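The following note sets out points on the structure shown below.

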Amino acid sequence: MGQVISVVNQKGGVGKTTTAVNLAAYLSQLGKFVLLIDLDPQSNATSNLGVSKDLDKGVYEVLTGPHSFREVMVDTIHEYYKLIPATVSLAGAGVEFVNLDRREFRLYDNLLEIRNDFDYIIIDCPPSLGLLTINGLVASDQVLIPVQAEYFALEGLGQLISTISLIQENIKPELDILGAVLTMYDKRFKLANDVLMELYRYFPNKIFRSVIPRNIRLSEAPSHGKTILAYDPKSKGAKAYERLAREFVYHTSPY
Ligand code: ATP
Ligand code: MG
């Protein structure tokens, strides 16, 4: 069975999408079969991969309708790396979801038929703890939490952890926190070191050693519709995501 990992933090702009898109790229480069699901109405992951959000079908049509993930899956430029795009219709999902049967399980249910086709299914969640993110968490085996190296980084982490605990207690006991990854790190700022120390208190033994530096190339790649692997594989940002992918495989391997 493929492992499902959601990239979650209800705080906006902390590097969720950058991490999801580029981690998936390096996992595919390691020869893993990877599916990225764009679960965010902003469709940033979709556009970061150079895919149009104006497609007529995407994740929303699967979650709410008769379509299957196989029908809406698209290729990326990377071998072994496929995408379930978010289209504009996902923006209305919050309201419409409320009346659906098994509304917290829509993603989980629909993933069952394709889980075996992939080694990893990575879910890019929106910056909220609403029903879309709940769907992401319920569908997941593990959670990866990007944390931005800044002063207020840890604000809201308590709420995120209690949401995860609620899902563990009521819906999915086996849901696990894989770890936190520090993003946009700049070692010149002492502040970031404080954040790191505080983070260790939140997630003992669960902080990835691979830290993602603040890197201009990482912020440029999306406007070219490319992963950092395609845009500038020699950049510091690329090297960091490559290391993260190796560490990620190590921590998610069953053996
Ligand atoms: P949202 O909550 O809106 O979904 P997010 O958590 O997915 O945001 P990203 O979109 O990945 O965050 O990143 C926010 C912005 O910061 C983007 O413009 C992105 O290109 C930039 N960025 C992310 N990581 C880095 C980095 N390591 N170095 C430089 N810029 C970065
Ligand atoms: Mg995002």
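1. Helix α7 is largely enclosed by the rest of the structure, because 9 of its 9 residues are buried. Here buried means under 20% relative accessible area, exposed means over 50%, and partly exposed covers the range in between, with a 1.4 Å probe and protein chains only. The buried residues of α7 are Leu131, Leu132, Thr133, Ile134, Asn135, Gly136, Leu137, Val138 and Ala139. Helices (H or I, at least four residues) and strands (E, at least two) are DSSP runs, numbered from the N terminus.

2. On provenance, this is a predicted model, in which local features need pLDDT of at least 70 and side-chain atom pairs count only at pLDDT 80 or more, while totals for chains, interfaces and linings use all residues. Residues are numbered from 1 along each chain as its sequence is written, chains are lettered from A and ligands numbered from 1 in the order in which they are written, and side-chain values use heavy atoms, with hydrogens and water left out.

3. As to the overall fold, the protein chain holds 12 helices and 7 strands. Its radius of gyration is 17 Å, close to the 18 Å that the globule rule gives for 255 residues, so the chain is as compact as a globular protein of that length. That radius is taken over C-alpha atoms, and the rule is 2.2 Å times the number of residues to the power 0.38. Along the principal axes, the C-alpha atoms fill a box of roughly 50 × 40 × 35 Å.

4. Buried residues account for 53% of the 255 residues in the protein chain. Of the contacts between residues at least 6 apart in sequence, 80% join residues at least 24 apart; a contact means heavy atoms within 4.5 Å. The chain exposes about 11600 Å², of which carbon and sulfur atoms supply 51%. Accessible areas come from the Shrake-Rupley method with a 1.4 Å probe, and for residues only the protein chains shown count as cover.

5. Asn22 is placed in helix α1 (residues 16-29) and is buried, with a relative accessible area of 5%. Leaving aside residues up to four places away in sequence, Asn22 touches Leu218, Thr227, Ile228 and Tyr241. The C-alpha atoms of Asn22 and Gly58 are separated by 21 Å, with the two residues 36 apart along the chain.

6. Which residue forms a salt bridge with Asp117? The partner is Arg70, with the closest N and O atoms 2.5 Å apart. Asp117 lies in the loop between α6 (106-111) and β5 (120-124) and Arg70 in helix α4 (residues 69-72), so the pair ties together parts that are 47 residues apart in sequence. Asp117 is partly exposed at 36% relative accessible area, and Arg70 is partly exposed at 44%. A salt bridge is a side-chain nitrogen of Lys or Arg within 4 Å of a carboxyl oxygen of Asp or Glu.

7. Asp141 forms a salt bridge with Arg115, the closest N and O atoms being 2.9 Å apart. Asp141 sits in the loop between α7 (131-139) and β6 (142-148) and Arg115 in the loop between α6 and β5, so this pair ties together parts that are 26 residues apart in sequence. Both Asp141 and Arg115 are buried. Elsewhere, salt bridges that share partners join Arg217, Glu220 and Asp232 into one network.

8. Glu104 forms a salt bridge with Arg103, with the closest N and O atoms 3.5 Å apart. A search of the whole structure finds 11 salt bridges.
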